Amino acid sequence: MNDATALPTRRDEAFRYTDLDALSGLWPVAREEVAVPAGSSDAMQVVELGEANIARHLVVTLEKGARFDLRILSAGPSFGRIAVDVRLDEGARFTLGAAQLGSGSQTLEIVTEVSHEAPDAVSEQVVRSVLAGQAVGTYLGRIAVARGADGTDAEQSVRAMLLDRTATANARPELEIYADDVKAAHGCAVGELDAQGLFYLQSRGLTPPEAKRLMLQAFIAEAFAGAPDEEALSDAALQRLGEML
Amino acid sequence: MLQIDNLTAEIGGKPILKGLSLTVNAGEVHAIMGPNGAGKSTLGYVLGGRPGYEVTGGSVSFDGQDLLQLEPHERAAAGLFLGFQYPVEIPGVSFVQFLREAANAQRKGRGEEPLSGGEFLKLAKEKAALLKLDMDMLKRPVNVGFSGGEKKRAEMVQMGILDPKFAVLDETDSGLDIDALRIVGEGINAIMRQPGKGVLLITHYQRLLDYVKPDYVHVLAAGRIVKTGGPELALQLEEEGYEAVAA
């Protein structure tokens, strides 16, 4: 659907919360194909810290036993959309760790469609959003488990932290299962920083921005845990958080 | 050093402190005892500057500064430490990172050089040993998975590292077994029983006062200090109860 030449409308579920004006300037979005051969591993890091609008569409094919580790730090652009379609063959493993850090009037979107097409594949997705001002952060995650893809293990953990009441988080994990013996867990939560925790940290001498940064650092850490370049990602996220607070 | 004058405060429009006056001089330890609901913890939170605790009248002067005008972190930098009755768990934030940042934020606020990683770890190890808290616990997230007693000992380790001029300790003795009570009591003495420092111990029971000998004991009831005496007052309270003594 994303590669159609006609600009999508908001009636299309995958574009329901998008910024159509910004998207029209980037349409059509080219498909970026990534194929990971049987038994091998690959990793990719998408870091968007620039100001220009951006829309990407990754199409990832994992052959038998292949592994792919995708990390996303989406923080800079006023409009940033990353769509990821993943097809998993038998025993393949897909890892997504993403952080969206938005402020001002930014619109940030991560849209995933993960298809378990054969038995015993694993997908794990961790998405953490920190949103301030009038920013909109969206995660739409669809998992499809095909008939016969028994032994599938699919996990989605989606959490958003709103720093201002004017910010918006959209989160929609979705499961479509046609197989037996499937482990599928999804958790989704939108919240605010714990006021008690903030006071506790401040009572020890941290300024309010320092206290918030420390708590948010812990919050987004899960998105980058175990990444090949965990430290660089965390540092970049931390710097952006410092600017937001 | 701490001068509270006719302080009134409320939570959500409900008056809790109703004209509380108290002066603590440098070198003194004061104990505040009183029944549940008297306003003991409210006093601690008001002194610490917790949001939601609204001061409606009176004044608090700390080392010549108007304490109530300062933000919580500025109070800490000025040398005030609040020991929490229920220390807060903060998942994902490591104790050592938090404490080093806190110590250095305070030092920065006072115009001092920050501690290096090595200097800080040496200090933390020393204070953890004083409170007999396993140093490995400080590598874990703040208070997460700590027992009640471990949380209270960790509070005192924090106090040792931050080295405040004045400590308000809110029921630091609750949740402690007999051995831990002695360790915590000795820790408070080692860290705070020094010239130029002051302590306000908020407690229900006399037992902590066996280890940390107060110079003055106050009875807080219905938002005011209703009686003041020496250490013997705590013993009398233990024996006769608040109602008889405060009447």
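In this structure, 22 residues of chain B are in contact with 18 residues of chain A; contact means that C-beta atoms, placed from the backbone, lie within 7 Å. This is a predicted model: local features need pLDDT of at least 70, side-chain atom pairs count only at pLDDT 80 or more, and totals for chains, interfaces and linings use all residues. Residues are numbered from 1 along each chain as its sequence is written, while chains are lettered from A and ligands numbered from 1 in the order in which they are written.

**Interface, chain B side**
- Helix 2 (72–77), strand 7 (90–94), helix 3 (95–109) and helix 5 (148–162) of chain B each give two or more residues to the side that touches chain A. Helices (H or I, at least four residues) and strands (E, at least two) are DSSP runs, numbered from the N terminus.
- Helix 3 of chain B gives the most, with six residues.
- By class, this side has 14 nonpolar, six polar and two charged residues. Ala, Val, Leu, Ile, Met, Phe, Trp, Tyr, Cys and Pro count as nonpolar, Asp, Glu, Lys and Arg as charged, and the others, Gly among them, as polar.

**Chain A sheet**
- Six strands of chain A form an open sheet in the order 1-3-5-7-9-11, with parallel pairing. Strands pair if DSSP finds at least two bridges between them.
- Strand 1 (31–36) and strand 11 (168–177) of chain A are the edge strands, and each pairs on one side only.
- Neighbouring strands are turned by 10° against each other on average, direction ignored.
- Strand 5 (residues 79–88) and strand 7 (residues 107–116) of chain A pair in the parallel sense over 10 bridges. Here V86(A) stands opposite V114(A).

**Nonpolar core**
- The largest nonpolar core has 133 residues. Such a core is a set of buried Ala, Val, Leu, Ile, Met, Phe, Trp, Tyr and Cys residues joined through C-beta atoms within 7 Å. Buried means that 20 or more other C-beta atoms lie within 10 Å of a residue's own C-beta, placed from the backbone.
- Helix 3 (residues 208–224) of chain A gives the most to this core, with eight residues.
- L62(A), V130(A) and L201(B) have the most contacts inside the core.
- L62(A) touches residues including V36(A), F68(A), V86(A) and F94(A), not counting residues up to four places away in sequence.

**Chain B strands**
- Strand 1 (residues 2–11) of chain B pairs in the antiparallel sense with strand 4 (residues 53–62) of chain B over eight bridges. I4(B) has V60(B) as its bridge partner.
- Strand 1 of chain B also runs antiparallel to strand 2 (residues 14–24) of chain B, joined by eight bridges. T8(B) is bridged to K18(B).
- The hairpin of strands 1 and 2 of chain B has two residues between the strands, and G12(B) takes a positive phi near 55°.
- A six-stranded open sheet of chain B has the order 6-9-10-3-11-12, with mixed pairing.
- Strand 6 (80–83) and strand 12 (224–229) of chain B each have a single partner strand, so one side of each is left without a neighbour in the sheet.

**Chain B helices**
- The axes of helix 5 and helix 6 (residues 178–192) of chain B come within 10 Å and cross at roughly 10°. Axes are lines fitted to C-alpha atoms, for helices over the stretch in contact, and angles run from 0 to 180 degrees between N-to-C directions.
- The residues of this helix contact divide into seven nonpolar, three polar and two charged.

Conventions
Contact = placed C-beta atoms within 7 Å. Buried ≥ 20, exposed ≤ 12 C-beta atoms within 10 Å, placed from the backbone.
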